[in-house]
Each structure stands twice: as structure tokens, then as C-alpha cells.
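Good morning, and thank you for making time for this item. I would ask you to look at the sequence and the structure first, and then I shall go through them with you.

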Amino acid sequence: MAVIHRTTLVPGKTDLVAAWLPGRQWYQGTVPRLRKAGGFRLDDPDGAVGIEFLLLMDDSTPESVLYQVPLTYRGAPLPGAENALLGTAEHGTLGRRWIYDATRDPVAVAAVQELLAGRAVAQAQNHSDTVDSSVVVTRVELGSAGGENGVAVDGDTHTDAPIGAAALRFHRLPAAHQRGAGGSVAVPHTPGSGPVHTVELVSVLGG
């Protein structure tokens, strides 16, 4: 189960993401002004990699935009993933952490497959050993989460991570995406003080 350490992370997550966002194909702003808007965590069965789905509002444009930025936190560099590295940070308990775009981390992609298949459950973002029951999963069987997958590719609104004959589509601008059929992961989201909407974060293509 996900363990949340009440400690410091320097630089902070939003600082790392803000420096990384302007180079993304799907980012619509210029100089990010980010605030946390929700998210959840997934467990690594081996307990070595932290996996977190961040929902962040960017207030740098006239109308604030919601972005999904899934991250992984590792105690050592992930070989061959230099292009997916946001940077490093000093964790007050765990020491130096290497922080990656989770759409390009095989541990995170495998964890999402397990979630979609109903073999794993989402964990609360801010509480240890706590299931996040607000995460809505429409299950689909994608086979084993092991084996080699393809290279993730960014689009204007999403990132596609190939998994065998199918792909996981991570909706980087989830509020602009209509909920679809088939396997998916969605969460409730309140944009400011308005009504609660359900936004789809991941959907399955093909397979």
C-alpha cells in the first residue's frame, strides 16, 4: 500500500513540472502558474517506485486549463529514460529521487494495466494505506502487464503508450475529453467553485 511521508521535497513537484511543461507538445500555455487540483496514487508491487497521477490547474491563460501529469519517483536513474526525466529532488526521508514522466516508465504503465484489469486499486494521494474510492475504473482485460511495450508518443492533447496490440491513451487535457466506451480510468474534478465533473484520465485504444 502507498506510504505517504510527511516531509520535504526540494525542489517541489509543481516546480519541476512547471519547468518541464513548456517543452511538451500538448501544453497550451507559455509560463505555467500551477496549482494542485487532485489526483491519486498506484502501488508498485515491488515497493521500489512511487507512482502518482497529478491533476494541476494552470492559471497562466485567461481561462484556467486542467492538465494531467502522472509521475514516477525512483531511488536511482531509469536506464534509457533520459528523455522522460523531469529532474531530481531531495526527499527529506528517502534522499535523492529521480522523477519521470510516468507514461514512459514501464512500472507505471504496468500498474495502470493492473488497475484497468481490476487486479489493483487506486490509492489516496495524501493518506497512507487508504483506497481512493472516487477513482472510477471501467474494466477491460489487457492480458499480463509483463513484457516489452512500445515507445510512448505525444499528441496535441494526449500521450499514447503502446502495450502489445493496444495502447493506453493518457489524456493530458482531461476536461476537454468526452468519456468513451471500453476500459478507462476517470476521477471527479471540481473546476474552482463550480459543479463536480468526472474527467477521463486514461482510455484504451484497440486491443
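Which residue takes a positive phi just after α2? The residue is G118, with a phi of about 80 degrees. Before I go further, let me state that this is a predicted model.

Let me stay with α2, which spans residues 106-116. At its N-terminal end the helix is capped by D105, where a side-chain oxygen lies 3.0 Å from the backbone nitrogen of V107. Is α2 enclosed or exposed? Eight of its eleven residues are buried, so the helix is largely enclosed by the rest of the structure. The buried positions are A108, V109, A110, A111, V112, Q113, L115 and L116.

The largest one holds 29 residues, and the members with the most contacts inside it are F40, L42, F53, V112, L168, L201 and V202. At least two residues of this core come from each of β2, β3, α2, β9, β10, β11 and β12. The largest share, six residues, is supplied by α2. Apart from this core lies another, of 17 residues, which includes L16, Y73, L86 and L173.

F40 sits in strand β2, residues 34-42. With a relative accessible area of 0%, F40 counts as buried, because the cut-off for that class is under 20%. The C-alpha atoms of F40 and N126 are 8.1 Å apart, although 86 residues separate the two in sequence. L201, for its part, is in contact with F40 and F53, and also with residues including L55, Q68, R169, F170 and P174.

I turn now to the sheet. Six strands form an open sheet in the order β1-β5-β6-β4-β3-β2, with antiparallel pairing. Its edge strands are β1 and β2, each of which pairs on one side only. Within the sheet, β3 and β4 are joined in the antiparallel sense over nine bridges, and L56 stands opposite Y67 in β4. Helix α1, residues 13-20, packs on this sheet and touches β1, β2, β3, β4, β5 and β6. The direction of α1 makes about 160 degrees with that of β5.

Y67 leads us to the aromatic residues. Across the whole structure, a search finds five aromatic pairs. One of them joins W26 and Y67 in a tilted arrangement, at 6.0 Å centre to centre and with 45 degrees between the planes. What does this pair tie together? W26 lies in the loop between α1 and β2, and Y67 in strand β4, so the pair links parts that are 41 residues apart in sequence. Both W26 and Y67 are buried. Y27 and Y67 also pair: their ring centres are 5.3 Å apart and their planes stand at 45 degrees, so this pair is tilted. Since Y27 lies in the loop between α1 and β2 and Y67 in β4, this pair ties together parts 40 residues apart in sequence. Y27 is buried at a relative accessible area of 9%, and Y67 is buried at 1%. W20, W26, Y27 and Y67 form one aromatic cluster.

Thank you; I would be glad to take your questions.

Methods. Residues numbered from 1 in each chain as written. Predicted model: local features only at pLDDT ≥ 70, side-chain atom pairs only at ≥ 80, totals over all residues. Heavy atoms only, no water. Helix = DSSP H or I, 4+ residues; strand = E, 2+ residues; numbered from the N terminus. Buried < 20%, exposed > 50% of the residue type's maximum accessible area, 1.4 Å probe, protein only. Core = buried A, V, L, I, M, F, W, Y, C linked by side-chain atoms within 4.5 Å. Contact = heavy atoms within 4.5 Å. Pairing = 2+ DSSP bridges. Axes fitted to C-alpha atoms, helices over the stretch in contact; angles between N-to-C directions. Phe/Tyr/Trp six-rings, centres within 6.5 Å; stacked < 30°, edge-to-face > 60°. Polar contact = N/O pair within 3.5 Å; in protein donor to acceptor, adjacent residues only side chain to side chain. Lists of a residue's contacts leave out its neighbours within four places in sequence.
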